[in-house]
Amino acid sequence: MTPSPVRNAVVLFGSPGSGKGTQAKLLTGRLGVPQISTGDMLRARLVSGNSLDLAVRANMQAGALVSDDVVNCMVEERLAQPDCALGFILDGYPRTADQAHHLSLWCESRGFDEVVIYLLVDYNKVIARLTGRRQCPRCGTLYNLTTRPPAVDGVCDRDGERLVTREDDQESVIRERLEQYRRQTVPLLEYFRQRGRRLLEIDASNDPPEVLFQKICRSIQPA
Ligand code: AMP
């Protein structure tokens, strides 16, 4: 009998602005499994305009976390899709103890191995990155005014769409998002350690995204 392939639930872990989204996109291309960004899913849900989502919108605008029930349910529905059968990359989930527990149960009952990639970035660098961040509203490509500017000012290189600043990338909201991260999300590192998860810590402060990506690939699959 051929052994069943290892199915990884890759968790990209790190503060807002640590580069999770960029690395998740690169990893998706390399591993051929989908990126699941809870932030993107929540923003898409708000665009589709469900009036029940007033609390979700208010939380996101204030830099607070959306309730565990809403997020866990959304992720579980997404993980049930066939494209997740061989693995997936989580970007921005889990962010609380309840979410981490929910994910662990899900993975354990279905034979997925959790691999946590922790991107460490200096606080002041994160603030600078987030205030300079711009995004294409059509294709989602991320830019940074200092480290990765578009070829033409204010316009997406890929599709020519005008770039936007996310509502929650205003400085006061950024500080609140970082505070939530410190209080609610950082403690999960201890949870992952206690449960014996593979936890790869990577210094993500200085390297450009492509170099960081090579480091991540080497640590996932050591030569
Ligand atoms: P992100 O794009 O990952 O920075 O997420 C943007 C916002 O979406 C966060 O500040 C939260 O309000 C909300 N959000 C995203 N992921 C989660 C999550 N796993 N749990 C709770 N709220 C989340």
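This is a predicted model: local features need pLDDT of at least 70, side-chain atom pairs count only at pLDDT 80 or more; totals for chains, interfaces and linings use all residues.
Local features are given at pLDDT of at least 70 and side-chain atom pairs at pLDDT 80 or more, while totals for chains, interfaces and linings use all residues. Residues are numbered from 1 along each chain as its sequence is written, and side-chain values use heavy atoms, without hydrogens and water.

Around the ligand there are 16 residues (a heavy atom within 4 Å), and T38, R43, A64, G92 and Q99 come nearest. Helix 2 (residues 38-47) supplies the largest share of this shell, with four residues; helices here are DSSP runs of H or I with at least four residues. By residue type, the shell holds seven nonpolar, four polar and five charged residues, with Gly counted as polar.

A nitrogen atom of the ligand lies 2.8 Å from a polar side-chain atom of T38, and a ligand nitrogen lies 2.9 Å from a backbone N or O atom of G92. On the side chain of R177, an N or O atom is 3.3 Å from a ligand oxygen. The protein covers 96% of the 480 Å² of accessible area that the ligand has on its own (Shrake-Rupley method, 1.4 Å probe).

T185 belongs to helix 7 (residues 171-185). T185 counts as buried because its relative accessibility is 4%, under the 20% cut-off. A polar side-chain atom of T185 lies 2.8 Å from the backbone oxygen of R95. Leaving aside residues up to four places away in sequence, T185 touches F13, P94, R95 and Q180 (heavy atoms within 4.5 Å).

Technical notes: A polar contact is a pair of N or O atoms within 3.5 Å; within protein, one must be able to donate a hydrogen and the other to accept it, and residues adjacent in sequence count only if both atoms are side-chain atoms. Helices (H or I, at least four residues) and strands (E, at least two) are DSSP runs, numbered from the N terminus. Buried means under 20% relative accessible area, exposed over 50%, partly exposed in between (1.4 Å probe, protein chains only).
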